[in-house]
Amino acid sequence: MSSAVGPDPAETPEERRFLSTAEAAALERELLEDYRFGRQQLVELCGHASAVAVTKVFPLPALSRKQRTVLVVCGPEQNGAVGLVCARHLRVFEYEPTIFYPTRSLDLLHRDLTTQCEKMDIPFLSYLPTEVQLINDAYGLVVDAVLGPGVEPGEVGGPCTRALATLKLLSIPLVSLDIPSGWDAETGGDAEDGLRPDVLVSLAAPKRCAGRFSGRHHFVAGRFVPDDVRRKFALRLPGYTGTDCVAAL
């Protein structure tokens with residue numbers, strides 16, 4: 001876990017820990033176009049790894065029954081799709097997820113992932129309580145899958161914006177996927193007044209704003225990134241242990 005403002009100036013350009021927004025988009029294009037990964041495949045890999053990261057920090061045997069309840073808040077863009085997959089895998093791992101998905105995407109992938117969660121009897125909230133203590137009492141932790149890099153709160157509608165305002169006030173642990181929702185992916189702008197997650201799961205590779213993350217645990221979920229792609233983007237990331245799909249930073 002790093003708490004620096006950005007990449008260490010002492011690092012050479014060949015050894016970077018963070019990607020700019022443009023570089024992250026280029027890396028994703030490389031996976032989709034050159035390596036022929038499918039969009040659903042990438043979302044599945046990231047969602048599964050995000051659920052595994054949750055299990056690393058909050059291992060099931062150490063949790064009370066109440067602490068096993070997880071609220072997954074999803075937005076209508078790709079991060080929301082990753083959140084839906086994360087919720088499904090948490091259910092497989094015997095946690096008790098509930099999903100709040102206020103602005104549902106008409107995208108076929110989102111609809112398919114929603115159906116999978118519904119078929120597994122994962123409950124969907126029709127509204128998010130405005131009384132913060134009700135959420136603190138009902139759930140052991142929250143997964144933030146509302147906004148991804150380059151997505152502004154105003155782009156996803158009022159319900160998501162109101163949900164983020166509520167998440168800022170919670171006292172239970174918060175896990176953000178890829179970037180904390182509402183942060184500027186480059187500068188970490190809004191880091192002081194925005195969400196302050198306890199856990200950050202960087203997808204594929206950490207974005208520049210991750211340098212401002214000061215929570216307890218930072219994981220990278222990018223074992224699926226081929227070595228040639230990692231070298232092309234000059235990423236210096238930790239090694240993965242055994243068969244783990246996430247690595248602690």
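## Buried cysteines, a covered helix and a loop residue

Cysteine 46 is buried, with a relative accessible area of 8%. The model that shows this is predicted. Two further residues treated below, cysteine 86 and isoleucine 179, are buried as well.

| Residue | Relative accessible area | State |
|---|---|---|
| Cysteine 46 | 8% | buried |
| Cysteine 86 | 0% | buried |
| Isoleucine 179 | 1% | buried |

**The chain as a whole**

The chain has 249 residues, and buried residues make up 51% of them. Its secondary structure consists of seven helices and eight strands. The accessible surface comes to about 11300 Å². Carbon and sulfur atoms hold 51% of that surface. Now take the contacts with a separation of 6 or more: 72% of them link residues 24 or more positions apart.

**Cysteines**

How many disulfides does a search of the whole structure find? The count is zero. Cysteine 86 gives one case in detail. The closest cysteine sulfur to its own belongs to cysteine 74, at 8.3 Å. A disulfide needs two cysteine sulfur atoms within 2.5 Å. The sulfur of cysteine 86 therefore lies too far from that of cysteine 74 for a bond.

**Helix α3**

Helix α3 runs over residues 78-92, which makes 15 residues. From first C-alpha to last it reaches 22 Å. That is close to the 21 Å expected at 1.5 Å a residue. Is α3 mostly covered or mostly open? It is mostly covered, with 12 of its 15 residues buried. The buried residues run from Asn79, Gly80, Ala81 and Val82 through Gly83, Leu84, Val85 and Cys86 to Ala87, Arg88, His89 and Leu90. Cysteine 86, with its relative accessible area of 0%, is thus part of this buried set. After α3 comes glutamate 94, whose phi is positive, near 75°.

**Isoleucine 179**

Where is isoleucine 179? Its place is in the loop between β5 (174-177) and β6 (199-203). Isoleucine 179 is a buried loop residue, at a relative accessible area of 1%. Which residues does isoleucine 179 contact, leaving aside its neighbours within four places in sequence? Asp144, Leu147, Gly148 and Pro149 are among them.

Key: Residues are numbered from 1 along each chain as its sequence is written. This is a predicted model: local features need pLDDT of at least 70, side-chain atom pairs count only at pLDDT 80 or more; totals for chains, interfaces and linings use all residues. Side-chain values use heavy atoms; hydrogens and water are left out. Helices (H or I, at least four residues) and strands (E, at least two) are DSSP runs, numbered from the N terminus. The expected span of a helix is 1.5 Å times one less than its number of residues. Buried means under 20% relative accessible area, exposed over 50%, partly exposed in between (1.4 Å probe, protein chains only). Contact means heavy atoms within 4.5 Å. Accessible areas come from the Shrake-Rupley method with a 1.4 Å probe; for residues, only the protein chains shown count as cover.
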